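Here's a quick briefing to read alongside the model. Have the sequence open and follow along.

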Protein chains: 2
Amino acid sequence: MGRSEQGDTGITDAATGTVVVDISVSVDGYVAAPGTDARHGLGVGGEVLHEWVWAEQRSSDADTGILDEAVTRTGAVVLGRRTFEFVDGPHGWNDDIGYGADRQGTEAPPAFVLTGSPPEAVRLADRFSFVTDGPHEALERARAAAGGKDVVVMGGGRTASSVLLAGLADELTLHLVPVVLGGGTPLFPGPGTTVFRRLERVRSVSTPAAEHLTYRVLPTPAD
Amino acid sequence: MGRSEQGDTGITDAATGTVVVDISVSVDGYVAAPGTDARHGLGVGGEVLHEWVWAEQRSSDADTGILDEAVTRTGAVVLGRRTFEFVDGPHGWNDDIGYGADRQGTEAPPAFVLTGSPPEAVRLADRFSFVTDGPHEALERARAAAGGKDVVVMGGGRTASSVLLAGLADELTLHLVPVVLGGGTPLFPGPGTTVFRRLERVRSVSTPAAEHLTYRVLPTPAD
């Protein structure tokens, strides 16, 4: 864990094994629109959440910088089972898309899937490992595989928020997209969890496509 | 309606009757913590949402600038019944607090309360009018009273989001506060509304206490 910091505008080079929850979210708190399926990983119309990611749609060099930095920092990825089903599916990751994309020689980081039971068949078998012992174990294994780089929890909503609310994340990066989706997959589980957790702004980068907000997750007495 | 604009970093002086939904919200989408009552208008622990508002807690001149600008722009206020119950209550607005505060000669703007039935007794009787004909009527009356300045929909969550989702707001200003509340009063009504609405960033000001995000609310074919 841990990352040193300079001032309140920048993030220094990675220390060891920082756990970052990093996810795109609508203004009303959804990480996917309604209608997610094997063809629509972000739901029907939810592609707007990743406009800042796609080169042909990006309107700002700042978006590109945020993306490149994230790719460079990432040593391992943690994701939930439903996100895996999409990214390993026929319309999911390949050499051009996702954390497997061939970006200037960057190697695809290993990915750890939180699941109750591993799937029988895996398309990108050399990329994915399956962890059935819960988020602590998934993060430990990811940290061990990350070679000192960041462990990025990329979603879905339930996986991201459970890691965050359990106090297992050092940082939260939200890419807040200027759209109201009105439904879909919420990032946070909704009223009733009553987990109070303060954050500290580390960086804020604004582009037309997203507010890229990085927060340090402050510890609570319960952690 | 309408406000002209210069570039994507600034807001020009008000035109006539721009309707602005302006509200502080936690990173997980709550405008109040759990436990709202006559003493805790923002819920128990929810005062963190207004740290950027209070002079003794403000850490940035930018917060002060945002607040002063909002006060100067505001010609009339629209609010919901439960928010009224608090601000007109014993721990609510006075000469030092709320839209009635005596800020450098600024007069308190008239406030229009959306309600099913007007209350029998009103403490600040010369400040509040009650509208039982729905949000269209409330906004019309507020616009007529605003003298060309902004009509600000200040909450609560249901009032703010209903105006926004009905396409009645020209702008949305969120003061996104770095805290996870885990429960309370949500700004948005939750999955199932399925109202898709794109926003356009107008301005983004980042301080340690809040991301002050102003969006233009783009029309949809249904408007």
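Let's start at one strand pair: in chain A, A111(A) sits opposite F128(A), which belongs to β7(A). Strands here are DSSP runs of E at least two residues long, helices are runs of H or I of at least four, and both are numbered from the N terminus. This is a predicted model, where local features need pLDDT of at least 70, side-chain atom pairs count only at pLDDT 80 or more, and totals for chains, interfaces and linings use all residues. Residues are numbered from 1 along each chain as its sequence is written, while chains are lettered from A and ligands numbered from 1 in the order in which they are written.

**The sheet**
- Strand β6 (residues 111-114) of chain A runs parallel to β7(A), and 4 bridges join them; two strands count as paired if DSSP finds at least two bridges between them.
- Zooming out, 9 strands make an open, mixed sheet, in the order β7(A)-β6(A)-β5(A)-β8(A)-β3(A)-β9(A)-β13(A)-β12(A)-β10(B).
- At the edges you'll find β7 (128-131) of chain A and β10 (179-180) of chain B, each pairing on one side only.
- Strands of a sheet pair through backbone hydrogen bonds, either parallel or antiparallel.

- Helix α4 (residues 157-165) of chain A lies across several strands of that chain, including β3 (19-26), β8 (150-155) and β9 (171-177), and runs at about 130° to β8(A).
- That angle is taken between N-to-C directions, on a scale from 0 to 180 degrees, using lines fitted to C-alpha atoms, for helices over the stretch in contact.
- Most peptide bonds are trans.

**How the two chains meet**
- Chain B superposes on chain A by a 180° rotation with 0.0 Å of shift along the axis (RMSD 0.0 Å), fitted by least squares on C-alpha atoms of residues with pLDDT of at least 70 in both.
- That is a two-fold axis relation.
- Each chain puts 33 residues into the contact, with contact meaning C-beta atoms, placed from the backbone, within 7 Å.
- β12(B) gives the largest share of chain B's side, 7 residues.
- Strand β10 (residues 179-180) of chain A runs antiparallel to β12(B), joined by 2 bridges, and V179(A) has R198(B) as its bridge partner.

Definitions and conventions:
Contact = placed C-beta atoms within 7 Å.
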